[in-house]
Amino acid sequence: MNLCPEDGRPVEVVLDLERLRAEQPGTAWLRPERRDLWRFGALLPLDVADPDDARHIVALGEGGTPVYDWDDHPLARQVGFRLQVKDEGAPGHNPTRSFKDRGMAMVVSMARRLRLRKLVVPTQGNAGDALAAYGVAAGLEVAVVLPGDTDPPIRERVAALARRHPNVHLETVPGTIREAGVRVQEQYLPRGFFNVATFREPGWRIEGKKTMGLELAEPPPGETTWSLPDVIVYPTGGGTGILGMWKAFDELEALGLIDARRPRIVAVQSAGTAPVVAAFRAGAADVTPVEPGRTVATGLNVAGSVGHFRVLEILRQSGGAAVAVAEEDLLAALRTVVRAKGWRICPEGAACLAALEPLVAEGVIGPGNRVVVFNTASLDKYRPEVQAMAS
């Protein structure tokens with residue numbers, strides 16, 4: 001199964017939380033000796049502490065990414081909010097230095113459990129990089145279909161794996177991820193490949209991405225109280241991470257670890273391709289697909305996603321917002337953070353920093369708030385001219 005056969009909507013994994021709470025009360029399911037995402041044990045579809053599950057898990061060090069405080073950020077100091085950046089591209093954490101490793105670690109592990117042997121993904125780049133790396137580690141056959149404008153460092157990484165491993169296939173197609181998706185439907189699914197595109201695997205990438213929310217809530221060493229920030233600012237292409245973190249918060253509440261309060265969730269998109277922003281402002285229940293624009297933040301160049309209706313629901317339930325960022329503002333924010341802090345954040349993360357000023361103006365961010373901005377990958381994965389713009 002990919003999408004729900006009844007309504008064509010994305011599928012989510014439902015955990016038996018009552019049983020978990022009874023059998024492993026408190027946080028007995030947590031494995032604090034691990035620093036990767038698998039430390040969340042039985043709160044995931046595969047429990048690393050269960051030998052039957054553990055033999056399927058492919059762990060390459062994914063998750064456990066750092067959160068940086070930006071204490072001297074001018075706007076944060078002026079308004080009086082605490083600004084933090086969760087860095088999914090930090091060296092020594094996610095193996096391909098992007099948040100996609102979380103989702104693909106779960107995808108490949110679940111595929112092994114269910115004896116799937118051939119996986120395919122249409123992708124703007126990072127998801128393909130991750131699938132190739134985990135597919136090789138798992139001994140699976142994987143195909144990655146990339147648009148022609150994929151950043152060269154990512155394309156070259158996948159191509160290098162394809163040259164060394166005959167079970168890794170790389171194809172580049174003209175256009176965007178939309179055309180890559182058509183290619184997957186026409187050429188790969190008839191050959192027995194299972195589609196693990198965003199939302200088309202049955203909830204597995206959501207389960208991997210929800211660990212970002214679990215890490216945000218997890219108490220620091222020496223403390224026991226789980227808590228959440230006031231605002232989460234998240235770059236939104238497909239939106240899997242928003243669904244995953246929201247699911248994590250609901251599960252933590254069901255386990256009695258947090259209360260019903262939730263962060264305000266902000267979806268940030270490129271002004272060139274902003275279907276979620278347009279639908280949010282119009283009060284629409286779902287997006288109307290748009291023509292993809294051009295942006296250096298290639299992960300935001302998603303014209304429409306089958307899960308965007310759920311992103312819109314979460315934004316509204318949380319009292320959050322959707323913001324479109326102009327290319328010049330994104331690049332200015334990228335230069336500022338690289339020069340001021342030396343953090344190699346990606347353009348998508350820079351878009352979130354550029355969104356802070358309008359969010360303050362709209363009252364989404366205010367004095368005393370703790371605001372977490374997500375950086376989803378390393379700048380080193382982007383084309384050289386983009387890296388040069390930041391220097």
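Colleague: Why are α10 and α11 called oblique to each other?

Modeller: Helix α10 (residues 275-282) and helix α11 (residues 308-318) pack at an angle of about 50°. Angles under 35 degrees count as roughly parallel, over 145 as roughly antiparallel, 65 to 115 as roughly perpendicular and the rest as oblique, so α10 and α11 are oblique. This is a predicted model, in which local features need pLDDT of at least 70 and side-chain atom pairs count only at pLDDT 80 or more, while totals for chains, interfaces and linings use all residues. Residues are numbered from 1 along each chain as its sequence is written, and side-chain values use heavy atoms, with hydrogens and water left out.

Colleague: Where do the angle and the axes come from?

Modeller: Axes are lines fitted to C-alpha atoms, for helices over the stretch in contact, and angles run from 0 to 180 degrees between N-to-C directions. For α10 and α11 the axes are 10 Å apart.

Colleague: Which residues in α10 and α11 meet?

Modeller: Contact means heavy atoms within 4.5 Å. By that rule Pro 275, Val 276, Ala 279 and Phe 280 in α10 meet His 308, Val 311, Leu 312, Leu 315 and Arg 316 in α11. These residues divide into 7 nonpolar, 1 polar and 1 charged. Here Ala, Val, Leu, Ile, Met, Phe, Trp, Tyr, Cys and Pro count as nonpolar, Asp, Glu, Lys and Arg as charged, and the others, Gly among them, as polar.

Colleague: What about α4 and α5, why are they oblique to each other?

Modeller: The axes of helix α4 (residues 100-113) and helix α5 (residues 126-138) cross at roughly 40° and come within 9 Å. That angle puts the pair among the oblique ones. The residues of their contact divide into 8 nonpolar, 2 polar and 3 charged.

Colleague: What makes Ala 159 count as buried?

Modeller: Buried means under 20% relative accessible area, exposed over 50%, partly exposed in between (1.4 Å probe, protein chains only). Ala 159 has 19% relative accessibility, so Ala 159 counts as buried. You will find Ala 159 in helix α6 (residues 152-164).

Colleague: Which residues touch the most other members of the largest nonpolar core?

Modeller: A nonpolar core is a set of buried Ala, Val, Leu, Ile, Met, Phe, Trp, Tyr and Cys residues joined through side-chain atoms within 4.5 Å. The largest has 76 residues, and those touching the most other members are Trp 29, Trp 38, Leu 43, Met 104, Leu 119 and Trp 226. Apart from it lies another core, of 43 residues, including Val 296 and Cys 346.

Key. Helix = DSSP H or I, 4+ residues; strand = E, 2+ residues; numbered from the N terminus.
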